[in-house]
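Please look over this structure with me before we discuss it. My notes follow as numbered points.

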Amino acid sequence: MAKKQRKQERQTPHFAKAEASEKNGVNLKEMLSDDALGKLKQLERQMKEDLEKAEQAAAEQKRREQEERERNKSFGELLEEYEKKGGGKHS
């Protein structure tokens, strides 16, 4: 219990500092130089591009795996699937 209280006491000054900077009207954009801000924005764009590429690669991999499963189906599985769709002879 005492450990939790100590952790909360330690965290309070960090929040107080953030509140104090907000009261002074200083924000992160003002504290950073234009060069540093530009680099951060470039990094953000790069990270978004990397994430999009990873998502596209995952979708492509999933599509290929599905295609491979379709190709490897046995005759019995194909027949069963056909009958489920209502295309069977006895439907």
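1. Is K73 buried, partly exposed or exposed? K73 is partly exposed, because its relative accessible area is 23%. The cut-offs are these: buried means under 20% relative accessible area, exposed means over 50%, and partly exposed lies in between (1.4 Å probe, protein chains only).

2. Some ground rules come next. This is a predicted model, so local features need pLDDT of at least 70, side-chain atom pairs count only at pLDDT 80 or more, and totals for chains, interfaces and linings use all residues. Residues are numbered from 1 along each chain as its sequence is written, and side-chain values use heavy atoms, with hydrogens and water left out.

3. pLDDT is the predictor's confidence in each residue, from 0 to 100. The mean for the protein is 79, and 65% of its residues reach 70 or more. Confidence is lowest in helix α1 (residues 2-24), with a mean of 57. It is highest in α3, at 94. Where pLDDT is low, the predicted coordinates should not be read in detail.

4. Now the overall build. The protein has four helices and zero strands. From the N terminus on, the order is α-α-α-α. Helices (H or I, at least four residues) and strands (E, at least two) are DSSP runs, numbered from the N terminus.

5. How much of the protein is buried? Of its 91 residues, 2% count as buried. The accessible surface comes to about 8900 Å². Carbon and sulfur atoms account for 54% of that surface. Such areas come from the Shrake-Rupley method with a 1.4 Å probe; for residues, only the protein chains shown count as cover.

6. Return to K73 and its partner. K73 forms a salt bridge with E81, and the closest N and O atoms are 2.2 Å apart. A salt bridge is a side-chain nitrogen of Lys or Arg within 4 Å of a carboxyl oxygen of Asp or Glu. E81 is partly exposed, because its relative accessible area is 28%. By this rule, the count of salt bridges comes to nine.

7. Helix α4 (residues 75-84) holds another pair. E80 and K84 meet in a salt bridge at 3.7 Å, N to O. They are four residues apart in the helix, so about one helical turn separates them. E80 is partly exposed at 46%. K84 counts as exposed, because its relative accessibility is 69%. Elsewhere, salt bridges that share partners join E60, R63, R64, E67, E68 and R71 into one network.

8. R63 and E67 form a salt bridge, with the closest N and O atoms 2.9 Å apart. Both lie in helix α3, four residues apart, about one turn of the helix. R63 is partly exposed at 42%, and E67 is partly exposed at 37%.

9. Two surface patches deserve a look. Patches are made of residues with over 30% relative accessible area and no salt bridge: like charges are joined within 9 Å, and nonpolar side chains (Val, Leu, Ile, Met, Phe, Trp, Tyr) within 5 Å. L40, L43 and M47 make a nonpolar patch of about 310 Å². M47 sits in helix α3 and is exposed, with a relative accessible area of 54%.

10. The other patch is charged. E49, D50, E52 and E55 gather there as negative charge on the surface. Lys and Arg count as positive and Asp and Glu as negative; His and the chain ends are not counted. The place of a charge is taken as NZ of Lys, CZ of Arg, CG of Asp or CD of Glu. E52 lies in helix α3 (residues 34-71) and is partly exposed at 49%.
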